[in-house]
Amino acid sequence: MKTALKRLYKRYFESKALVLMYHRIAAPEADIWDIAVSPAHFEGHLQVLQSLGCMVPLQELVENVQRGTLKKNSIALTFDDGYLDNFLTAKPLLEQYGIPATFFVSTGNLGSAKEFWWDELEYLLLFAQTLPAQFTQAIAGETISAALPGETHLTEALRQQHTTWNACLAPPPSQRARLFFQVWQALKPLPVTEQERHLQKIREWAGVSAPVSRADFVSMSVPQLKELAAHRLFTIGAHTVHHAALACHAQAFQEQEIAQNRHQLQVLTGQPVDLLAYPYGNYNAETLQVAEKLNFRAAFTTEEQVVTKGAHPYRMGRLQVPDWSPAVFAREIKKAWALVKS
């Protein structure tokens, strides 16, 4: 009994760290995946973190974990994907408050006018002003068919349903939303060439002549990436070339996506890249083998777990931060310290 209590006491009071995960610092009309934090809220988050006085660069946190010298209640910030607002909005605020961050960047869209496939799909199916009454398309051997009675035109009521929908928490509120979610699920595991081929068919069906390109949804440019990498506060991490759902692919494909992404980032920035984040948090045993084979120092999931000195180097957890107010953010940080993996 005393031994069990001693183990429990040790687990609860051992040094723990939090890795926070952001994606976008923006206030888009819709945020169905709950990945955007408004600039005002983000600044409030930084003020809370600055007051805690425990911010460390992610590389330092990883080194401390591996040395067994993890500082109590350390916090590191990460950003996934490489959206332009990371450079235009997050960077100046991080500089203002002197807070370090690591940016996990997918290189496939860098410096282009292309949107990520999920953003374009969202626009085409949820916010296009007019759509045909019937959708039928075969994707990965599955025929997806949907009728859109009463939803061919985007009414204000329908727009409001879509702008307030959180797909992480609520079922689709409309026929368009149900179609979006079904197509999103079908496209997610596919390689980029197949995703693009099906997107082109959806564009043609929707009467859209060219790929959607909204300034607020593109990735940062190559010069912006270089400037970010050269800054003393920031580091760049790998995130695959095309934001691949790694566990849905063969090991050779996974290795190619990760290794090519890392090589591109190192060539562009002139900096070593030894940290990796799995897109969508999607990985399997083969992914862990690839991360080890490629000699990454650590890799990060989207599993909501604190980091302790016993953390698996290629399965480190992170806490995704939604658009919390500063007060809620402060409360959630305190709650998160109790997230110890058993």
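What follows is a conversation about how the terms used for this predicted model are decided.

Reader: Before we start, how are the residues numbered, and which parts of the model count?

Author: Residues are numbered from 1 along each chain as its sequence is written.

Reader: How do you know whether the radius of gyration agrees with a compact globule?

Author: The radius is taken over C-alpha atoms, and the globule rule is 2.2 Å times the number of residues to the power 0.38. For 342 residues a compact globule would come out near 20 Å, and the protein has 21 Å, so the two agree. The C-alpha trace spans about 65 × 45 × 40 Å along its principal axes.

Reader: Why is His243 called buried?

Author: Buried means under 20% relative accessible area, exposed means over 50%, and partly exposed lies in between, with a 1.4 Å probe and protein chains only. His243 has 6%, so His243 is buried. Its place is in the loop between β8 (234-238) and α10 (251-269). Across the protein, 52% of the 342 residues count as buried.

Reader: And what makes Tyr280 and Ala27 buried, exposed or partly exposed?

Author: Tyr280 has a relative accessible area of 24%, and is therefore partly exposed. Tyr280 is found in the loop between β9 (275-277) and α11 (285-293). Ala27 has 63%, so Ala27 is exposed; its loop runs between β2 (24-25) and β3 (36-37).

Reader: Where does His312 fall?

Author: His312 has 36% relative accessibility, so His312 counts as partly exposed. His312 sits in the loop between β11 (307-308) and β12 (319-320).

Reader: Why is strand β1 called mostly covered?

Author: In β1 (residues 16-22), seven of the seven residues are buried. In a regular strand the side chains alternate between the two faces of the sheet. In β1, Lys16, Leu18, Leu20 and Tyr22 point one way, Ala17, Val19 and Met21 point the other way, and all are buried.

Reader: How do you know which strands pair with β1?

Author: Two strands pair if DSSP finds at least two bridges between them. Six bridges join β1 to β4 in parallel, with Leu20 opposite Leu77 in β4. Two bridges join β1 to β12, also running parallel, and Met21 has Gln320 as its partner there. Two bridges join β1 to β11, running antiparallel, where Lys16 is partnered by Thr308.

Reader: What about strand β5 and its partner β4?

Author: Strand β5 (residues 101-105) is mostly covered, with five of its five residues buried. Ala101, Phe103 and Val105 point one way and Thr102 and Phe104 the other. Four bridges join β5 to β4 (residues 74-81) in parallel, and Thr78 stands opposite Thr102.

Reader: What makes helix α5 mostly covered, and what covers its buried residues?

Author: In α5 (residues 117-127), 10 of the 11 residues are buried, including Trp117, Trp118 and Phe127. The cover includes β4, α6 (156-163), α7 (175-187) and α8 (192-206); contact here means heavy atoms within 4.5 Å.

Reader: How many of the protein's contacts join residues 24 or more positions apart?

Author: Such pairs account for 71% of the contacts with a separation of 6 or more.

Key:
Predicted model: local features only at pLDDT ≥ 70, side-chain atom pairs only at ≥ 80, totals over all residues. Heavy atoms only, no water.
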